[in-house]
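Visitor: I would like to learn how to read a model of this kind, one feature at a time. Could we begin with what lies inside, and then turn to the charged pairs?

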Amino acid sequence: MLRNAWYVAAWADEIDERPVEQQILGDAVVLWRKADGDPAAVSAFCSHRRLSLARGQVLGDRIACGYHGLQFAADGRCVTVPCQQGVPRGADIRGYPVAQRYGLVWIWMGDAALADPATIIHIAEWGSPAWGYNRGASMVYDCNYLLITDNLLDPSHVAWVHPTSFGGSSCEAVPMRIREAPSGYTVSRWIMDAPVTPFYRDLVPFAGHADRLQHYEVRYPSHAVIKAVFVPAGQGGDDAQTDWGKDAFLMDSYNFITPETESRSRYYWFQLRNVRPDDAHLSQAMSAAVLSAFSEDLAVLNEVQRGMDTCQDPHISIATDAGPLRYRHRLGQLIAAEQSA
Ligand code: FES
Ligand SMILES: [Fe+2]
């Protein structure tokens, strides 16, 4: 897995002065909030007898182990050992750079000297009063994170996995366009002059058929920006268009996957929409509908993992796999380059 990258460690409101342990890229990490309000993260296990620091207590900016009271600073340095002068060699543990953005705590899992919070994804519409916001609890998938990035680069699956929400029969036959950028891949298509599918019916502010853009973008290491655009039929079809007109419905779905291990992944998500930004009831309804649809993905992907684990014969690929396969290939190159550096 790519280590020199920012991953989501937790929702910001999950981190307070009580330490919590999270599994991230196979590392056990303990997070807490310091006296100045900034989050902090260190390796979970105390250097003395390996008790998890999640059982310890936060003392100002430090965390104290709950067994014999060793104290660690946010950078992992051991600063106090009770009942003795000085700190023995090897007492330090690993500290992880962290930063808070978009209501989430982000963690850098690689070389701390390379961590730059300016490289965390930029969300231009965040905080704008014209955009409504909804979110749900993080979800745990019992599958490898790349099965999720496959899914998030694959607009075709909505016709089969989400026929009563995001998808519909109009979504089946339209071919995809694939674009590469330094940050990752985008698979997109316009579905022209089609009925609005169920999830969007109460959101789209015009009647009749729509031209619909499905923009599925996945960025390294495992972050997806899924944009939905609905405009009245006849007004869409151009990816380069940015002014969508007053009737357009836009929804930007942000999806951040944090591998816990090779076979377990945590999924953080929220949506921003350009209609009824202050409608709390709508935000709630959207979160419930998204959770229901994502639960469909979860059920399928957990079963795909089981199929992959159980049946060792080679599986095939089809045309709609082109984007996901290219993404995996490029990510594999980035990981190889990082490991050989
Ligand atoms: S196990 Fe942490 S101080 Fe002893
Ligand atoms: Fe899905």
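Guide: A nonpolar core is a set of buried Ala, Val, Leu, Ile, Met, Phe, Trp, Tyr and Cys residues joined through side-chain atoms within 4.5 Å, where buried means under 20% relative accessible area, exposed over 50%, and partly exposed in between (1.4 Å probe, protein chains only). This is a predicted model, in which local features need pLDDT of at least 70 and side-chain atom pairs count only at pLDDT 80 or more, while totals for chains, interfaces and linings use all residues. Residues are numbered from 1 along each chain as its sequence is written, and side-chain values use heavy atoms, with hydrogens and water left out.

Visitor: Which residues have the most contacts inside the largest nonpolar core?

Guide: They are Ile 107, Tyr 200, Phe 230 and Tyr 267, in a core of 59 residues. Helix 3 (residues 280-310) gives the most to this core, with six residues; helices (H or I, at least four residues) and strands (E, at least two) are DSSP runs, numbered from the N terminus. Because domain 1 (6-119) and domain 2 (132-338) both give residues to this core, it lies between them; the domain bounds come from an automatic or database domain assignment.

Visitor: How is the size of such an interface expressed, and what is the area buried between domain 1 and domain 2?

Guide: The size of an interface is often given as the accessible area lost when the parts come together. Buried area here is the accessible area (1.4 Å probe) that two parts lose on being put together, summed over both. Between domain 1 and domain 2 this area is about 1300 Å², and carbon and sulfur atoms give 58% of it. The contact, meaning heavy atoms within 4.5 Å, takes 16 residues from domain 1 and 18 residues from domain 2.

Visitor: How many salt bridges are counted between domain 1 and domain 2?

Guide: Side chains of opposite charge can pair when their charged atoms come close. The rule for a salt bridge asks for a side-chain nitrogen of Lys or Arg within 4 Å of a carboxyl oxygen of Asp or Glu, and the count between domain 1 and domain 2 is one. The side chains of Arg 135 and Asp 13 meet in a salt bridge at 3.1 Å, N to O. This pair links distant parts of the chain, with Arg 135 in strand 12 (residues 132-135) and Asp 13 in the loop between strand 1 (6-11) and strand 2, 122 residues apart.

Visitor: Is Asp 13 buried or exposed?

Guide: Asp 13 is exposed, with a relative accessible area of 55%, whereas Arg 135 is partly exposed at 30%.

Technical notes. Chains are lettered from A and ligands numbered from 1 in the order in which they are written.
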